[in-house]
Every structure is written in C-alpha cells, then in structure tokens.
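Please work through the exercises below with the sequence and the model open beside you. Each task is followed by a solution in steps.

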Amino acid sequence: MLHVIDKEYGWIEVICGSMFSGKSEELIRRLRRAQIAQQQVAIFKPAIDDRYSSSHIVSHSEQRIPSIAVQTAQEIIEKSGDAHVVGIDEVQFFGPEVIDVCEKLADAGKRVICAGLDQDYRAQPFGSVPQLLAIAESITKTLAICMCCGAPANRTQRLSKDSDQVVVGAKEIYEARCRKCYTPPAG
Ligand code: ZN
C-alpha cells in the first residue's frame, strides 16, 4: 500500500471482489480518510447504478458518501477539477475508455481509487477491471462469506435466469458463493 501523499505523485488503487464483499465500504473508508486529512475528493459512479441513490455511493451496510453520477468515463476527467483524490465506484460498468481516464488522472498527480466487481455472474473477468488490475499500483481483493457454507467467497451467484451481463440488483438476485458452492449458469 502506498502512503506517500505528494502532489507530484499520482497512482491507481483497485478494490475488487464479488458482491457483498465490502468493496464500496472500503472505498468509502479510504475516501473519508482523505477528507479528514482535508484533501479534496471527487467521487463518481456510472449513471446505470441507481439501486439506492443517484447522488450517493451507498454500501450494502448503508454507509454513504455524496457522488456524481456520470454517463461516460470521460466526464470523470471533466468533472474532477482540482480534486487530489478521485474515487470511482462500480467501475466494471464503464467501457474500455475508463482505463485511459484512470491513467490520465494518475499521470496528472491524482490518487485514483476504483472499486468494482472483478468477475461477472459467469465467473468471467468483468469489463475493463482486468486491465485496471494490471496497471494499478495497489490492488485489494475483498472477500465475501459464502451464503451456502460460510467459506471465504469471491464469486457472485445470480439467482434469476437472466442472461444479460448487467442486471442491477442486490440481495434478491445475487448471493456470494465460494468456488465449491458456485454453480455456473446454464448455456
Ligand atoms: Zn461455499
């Protein structure tokens, strides 16, 4: 983990894992620490994710922090202004341009903290998250607890038969599962 805070240094941190693994909670924790240190923080999320609130990032444990909903990753550059710390939640929902956006922000000396799913409901790498993991200075994989057996879980089981990669929802549609209890969807 990087601890140096200097305007000359930018970097990329990625927090990733399955659903219910505490990714947003960890993102909120890091952003709050920066705010407490009087650092200017800008927080973004894709407009697609309005499960709980369109103006806040909200964790499953009901922690929240004000955020800006954006349609494209490019808007993050336009709207981050002078912020030294840029948080991006649900980063898997952005297109491939989010990689270049994160690189540009980090090159400009900003601390970029991305949180998102590393795998989709088929247990396949999700969107641009694999590339972000490759270029990041720091990676945190968060683990959930398997809802079947209680083992550490890093997969997301979809309980509905929907086959779209993106079906936004929470407890009624998804469960955290371990490798052993996860069942790949048919087809
Ligand atoms: Zn299990």
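The exercises that follow treat a metal site and then aromatic rings. The model is predicted, so that local features need pLDDT of at least 70 and side-chain atom pairs count only at pLDDT 80 or more, whereas totals for chains, interfaces and linings use all residues. Residues are numbered from 1 along each chain as its sequence is written, and side-chain values use heavy atoms, with hydrogens and water left out.

**Exercise 1.** Identify the protein donors of the zinc ion and determine their arrangement.

*Solution.* Step one: taking as donors the N, O and S atoms within 2.8 Å of the metal (3.2 Å for Na, K and Ca), with water not among the atoms, so that sites may look incomplete, one finds the SG atoms of Cys146, Cys149, Cys178 and Cys181 at 2.3 to 2.4 Å from the zinc ion. Step two: these 4 donor atoms subtend angles of 102 to 115 degrees, and the arrangement is therefore tetrahedral (four donors, all angles between 85 and 135 degrees). Step three: along the sequence, the donor residues follow the spacing C-x2-C-x28-C-x2-C.

**Exercise 2.** Classify the aromatic pair in the structure.

*Solution.* Step one: rings of Phe, Tyr and Trp (its six-membered ring) pair if their centres lie within 6.5 Å, and planes under 30 degrees apart count as stacked, over 60 as edge-to-face and the rest as tilted. Step two: the ring centres of Phe93 and Phe126 are 6.1 Å apart with their planes at 80 degrees, so this pair is edge-to-face. Step three: with buried meaning under 20% relative accessible area, exposed over 50% and partly exposed in between (1.4 Å probe, protein chains only), Phe126 is buried at 4%, whereas Phe93, at 22%, is partly exposed.

Conventions
Four donors count as tetrahedral if all angles lie between 85 and 135 degrees; four count as square planar and six as octahedral if opposite donors are over 155 degrees apart and all others between 65 and 115; anything else is irregular.
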